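The stops below are given in the order in which to select them.

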Amino acid sequence: MKISIVGLYCDFNDPHLIEMGISNIESILKFAPQESEIIIITNDASEKFVEKLNELSSIEKAIIVSTNRNLGNNAKNIGYEIAQGEYVFSIDHDVMIRNGRAFTKCVDFLDLHKKTAMVGPAGGNLSLPRWSDTQWGVGAWDKEKNIFGYDDPADFDGKEELDGTRVDTISGMFSCWRKKVLREIGLLDWSLVFQHSDSDLCFRAKEAGYDIRIVRVPVSHVNKGACSHGKINNLQKINEDSVRTIYERWHSKSHIFENYSPQETSPHFTGSGYELPRQNIRDLCKHISPIKKMVEIGSFAGASTIVFAEYAEEVITVDPYIGGYDSNDELSEERKLRIAERIFEKTTKNFTNIRQIKNLSVEAAFLFAEKSLDFIYLDGCHTYDCVYNDIKAWLSKTTNFFGGHDWNRNGVRRAVREILGEPMFFFEDGSWLFDLRRRCYLI
Ligand SMILES: C[S@@+](CC[C@H](N)C(=O)[O-])C[C@H]1O[C@@H](n2cnc3c(N)ncnc32)[C@H](O)[C@@H]1O
């Protein structure tokens, strides 16, 4: 079998959602290529929904699987598991298929590009983790019906050059997976919610050597999804936990982001989206705010920098992006730093209060007058010698706060203790902090 189509529905007994889900299924039944396998997963569907479903002509073509509680976005796993097709489409209930090309286009593309694990439609990007270059949702605003989507159809209708663009992830709503890849890498991770499990699956596919691409396909997104968002308690916390997990799992694996050049990505890239889960840095900043002028030594991809930039009037980053400074630190690989530098540019480009100095920490220190900074955060090279020299070079530049990262590293602890003594504050992520206003040090 060539094609399986998995549709995901939940309705919360809401007439609007019921109508939308049923229209979506009608559009699938109408445009699915002959011989496709159609699998409809109803997530805790109401009787009304089931009634309407059974009234649909040609519904007998579909396999219907009903769950008795809402399993959220990951209920797609049931369909992925049982799908027999070489290609498995996943369609959320708030997407309308506009014509049969929605299917054939993806299939043709995957037939031609054997290293592509998944394709999805070009459209606006969605909830983009800042350290990732692109994450795409589904696009298209159906103007006739005046239903809201992420982007105007003009953004992809007629823009052939978007066809085949590699992206980091495509989240939910409409996608077509190569089943062979799902067998190889496994299915959606049940511990992640919303679009994060989709992203995670994409990253896993990329790690296995495949790519993820966008194609121009005629689908509309109504943007009234409910399966993953409705009736979940503690929504924000669950979401944050997933963001954190994704971050911990993938952020440092920069090799999975390097398969395409930034020029290939669409101009729609905005850099907006979730904040990174740097709660500890936030806590630290709150502890010492207001901060006027600060320096961060070692900025890497800018994940911590943008959090500092929320709290400080001016953030100056010092990082030469030169690899090989510490054989015990995998981030010091030249290749990773090249990517980090690129991501730093994108991550920070909308922040007018961030200034970058590309230089070694000890050299950049000469550019600053004594006592000219409120706060210095050390997260560069973590060997004893480096940290020792950094503290010596920078300590006199502030009389307020001096801190850093990686207290778990011997070199850091030894150098800090030798010059400054025991830090006054610790944070869960390994950050340490001195309030220099309260103590005096001999240097
Ligand atoms: C651990 S990463 C920084 C992580 C970043 N602060 C964050 O939280 O996302 C270390 C960074 O320090 C930089 N670095 C290494 N040696 C340095 C030095 N002598 N001066 C300044 N930066 C340095 C590296 O280029 C690398 O980007």
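The tour goes from the ligand to one helix and then to the nonpolar cores. Numbering starts from 1 along each chain as its sequence is written. This is a predicted model: local features need pLDDT of at least 70, side-chain atom pairs count only at pLDDT 80 or more, and totals for chains, interfaces and linings use all residues.

**Ligand.** Select the 21 residues around the ligand; Gly298, Ser304, Ser361, Gly380 and Cys381 come nearest. A residue is near if its C-beta atom, placed from the backbone, lies within 6 Å of the molecule. Helix 9 (303-311) and helix 10 (334-348) each supply at least two residues of this shell; helices (H or I, at least four residues) and strands (E, at least two) are DSSP runs, numbered from the N terminus.

**Helix 9.** Because 7 of its 9 residues are buried, helix 9 is largely enclosed by the rest of the structure. The buried ones are Ala303, Ser304, Thr305, Ile306, Val307, Phe308 and Ala309.

**Cores.** A nonpolar core is a set of buried Ala, Val, Leu, Ile, Met, Phe, Trp, Tyr and Cys residues joined through C-beta atoms within 7 Å. Select Ile5, Val6, Val88, Phe89, Met118 and Cys176, which have the most contacts inside the largest core, of 62 residues. Helix 1 (residues 15-31) gives the most to this core, with 6 residues. Apart from it lies another core, of 43 residues, including Leu284, Val307, Ile343 and Leu378.

Definitions and conventions. Buried ≥ 20, exposed ≤ 12 C-beta atoms within 10 Å, placed from the backbone.
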